[in-house]
Amino acid sequence: MNINLPTAYWLGLLTSVVLPVLVGLVTTRVTSAGLKAVLLLALSTASGFVVEYAGPHDAGYSVGTAAVLALVSFATGVLSHFGFWKPVGVAGRAQDSFVKAA
């Protein structure tokens, strides 16, 4: 089996792992989990469509491929949040990074 993924797809996958930290940076601890999930979904969707646009294509841009990349990006973001960022404490520190003492 020979796997050949262009650099754009690898960068998109790496971006998917970092997206939950970005969501943590732009939200607070009191922001609802639903809003954070919608924000992660929006960023994942944008990432999927940008990666498909940036990737090399022989047959041209494919909306179907962009949608699959968006789903993979969202799933990777959710899994990395609950499997890596949250247990390590990065999610909480990202949310506290812009909090100033009163």
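**Exercise 1. Count the helices and strands of the protein, and give their order.**

Solution. Step 1: the protein has 4 helices and 0 strands; helices (H or I, at least four residues) and strands (E, at least two) are DSSP runs, numbered from the N terminus. Step 2: reading from the N terminus on, the order is α-α-α-α. Step 3: keep in mind that this is a predicted model, where local features need pLDDT of at least 70, side-chain atom pairs count only at pLDDT 80 or more, and totals for chains, interfaces and linings use all residues. Residues are numbered from 1 along each chain as its sequence is written, and side-chain values use heavy atoms, with hydrogens and water left out.

**Exercise 2. Find the mean pLDDT of the protein, and the elements with the lowest and highest mean values.**

Solution. Step 1: pLDDT is the predictor's confidence in each residue, from 0 to 100. Step 2: the mean for the protein is 84, and 92% of its residues reach 70 or more. Step 3: among the elements, helix α4 (residues 90-96) has the lowest mean pLDDT, 77, while helix α2 (residues 33-54) has the highest, 91.

**Exercise 3. Describe the box that the C-alpha atoms fill, and the share of residues that count as buried.**

Solution. Step 1: along the principal axes, the C-alpha atoms fill a box of roughly 55 × 25 × 20 Å. Step 2: of the 102 residues, 30% count as buried. Here buried means under 20% relative accessible area, exposed over 50%, and partly exposed in between (1.4 Å probe, protein chains only).

**Exercise 4. How do α1 and α3 cross, and which residues meet?**

Solution. Step 1: the axes of helix α1 (residues 7-26) and helix α3 (residues 63-88) come within 7 Å and cross at roughly 45°. Axes are lines fitted to C-alpha atoms, for helices over the stretch in contact, and angles run from 0 to 180 degrees between N-to-C directions. Step 2: that angle makes α1 oblique to α3. The rule is that angles under 35 degrees count as roughly parallel, over 145 as roughly antiparallel, 65 to 115 as roughly perpendicular and the rest as oblique. Step 3: the crossing of α1 and α3 is right-handed; a crossing is left-handed if the near helix is turned anticlockwise from the far one by less than a right angle, and right-handed if clockwise. Step 4: Y9, L13 and P20 are among the α1 residues in this contact, and the α3 side includes L69, H81 and W85. Contact means heavy atoms within 4.5 Å. Step 5: the residues of the contact of α1 with α3 divide into 8 nonpolar, 6 polar and no charged. Ala, Val, Leu, Ile, Met, Phe, Trp, Tyr, Cys and Pro count as nonpolar, Asp, Glu, Lys and Arg as charged, and the others, Gly among them, as polar.

**Exercise 5. What is the angle between α1 and α2?**

Solution. Step 1: the axes of α1 and α2 come within 10 Å and cross at roughly 155°. Step 2: that makes α1 roughly antiparallel to α2. Step 3: α1 passes α2 in a right-handed crossing. Step 4: A8, T15 and V26 are among the α1 residues in the contact, and K36, L43 and A54 are among those in α2. Step 5: the residues of the contact of α1 with α2 divide into 12 nonpolar, 4 polar and 2 charged.

**Exercise 6. Is S44 buried or exposed, and which residues does S44 touch?**

Solution. Step 1: S44 lies in helix α2. Step 2: S44 counts as buried, because its relative accessibility is 0%. Step 3: not counting residues up to four places away in sequence, S44 touches L19, A70, S73 and F74. Step 4: A75, in helix α3, is 31 residues from S44 along the chain, yet their C-alpha atoms are separated by 8.9 Å. A75 counts as partly exposed, because its relative accessibility is 34%.
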